[in-house]
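Subject: Structure handover

Hello,

Here is the structure I said I would pass on. Please look through it first, then read the notes below.

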Amino acid sequence: MRAFGRASLGAAPAVEDLCGHCGRGKLAIGPDGDVRPCVLSRFINVGNVRTAPLSAIWGGSAMARAKATLDAVHGDGAQVCTPPTFLPFCKPCQPCTPMLSHCDPETADIPSAG
């Protein structure tokens, strides 16, 4: 669990609590058109698709600033959460879920409930 939304228990969101994958090949677009580097980075607004094309937002100065901020905290590139390298937010529950053998949601082969 990361400190965002109800899980934050009232704490302000912080870039340090993100995984570092934000804005790397994907963006999140809210129902109001606001564009964020990811769904958990709602506190980082990089534009709005109602006022600018997505391509302009992706290549724009707000996105460049957001990536620079993320890189300053998480390094040049997102960290990998595969044992034995755990991200800071994984510490309370290491190792990753036994059924996965890793924590990368992009490559997770989750068995179906059936």
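What is the mean pLDDT of the protein chain, and what share of its residues reach 70 or more? The mean is 74, and 61% of the residues reach 70 or more; pLDDT is the predictor's confidence in each residue, on a scale from 0 to 100.

This is a predicted model, in which local features need pLDDT of at least 70 and side-chain atom pairs count only at pLDDT 80 or more, while totals for chains, interfaces and linings use all residues. Residues are numbered from 1 along each chain as its sequence is written, and side-chain values use heavy atoms, with hydrogens and water left out.

Confidence

Helices (H or I, at least four residues) and strands (E, at least two) are DSSP runs, numbered from the N terminus. Confidence is lowest in helix α2 (residues 61-74), with a mean of 92, and highest in strand β3 (residues 47-48), with 98. Over residues 80-87, pLDDT stays under 50, and over residues 89-100 it also stays under 50. Where pLDDT is low, the predicted coordinates should not be read in detail.

Around N48

N48 sits in strand β3. Its relative accessible area is 15%, so N48 is buried (buried means under 20%, exposed over 50%, partly exposed in between, with a 1.4 Å probe and protein chains only). The side chains of N48 and D34 are joined by a polar contact of 2.8 Å. Such a contact is a pair of N or O atoms within 3.5 Å; within protein, one must be able to donate a hydrogen and the other to accept it, and residues adjacent in sequence count only if both atoms are side-chain atoms. The N48 side chain also reaches the backbone oxygen of D32, at 3.1 Å. Leaving out residues up to four places away in sequence, N48 touches D32, G33, D34, V35 and I57, where a contact means heavy atoms within 4.5 Å.

Salt bridges

There are two salt bridges in the structure, each a side-chain nitrogen of Lys or Arg within 4 Å of a carboxyl oxygen of Asp or Glu. R24 pairs with D71, their closest N and O atoms being 2.4 Å apart. This pair links distant parts of the chain, with R24 in the segment before β1 and D71 in helix α2, 47 residues apart. R24 is partly exposed at 39% relative accessible area, and D71 is partly exposed at 25%. D34 pairs with R36, with 3.5 Å between the closest N and O atoms. Both D34 and R36 are buried.

Regards
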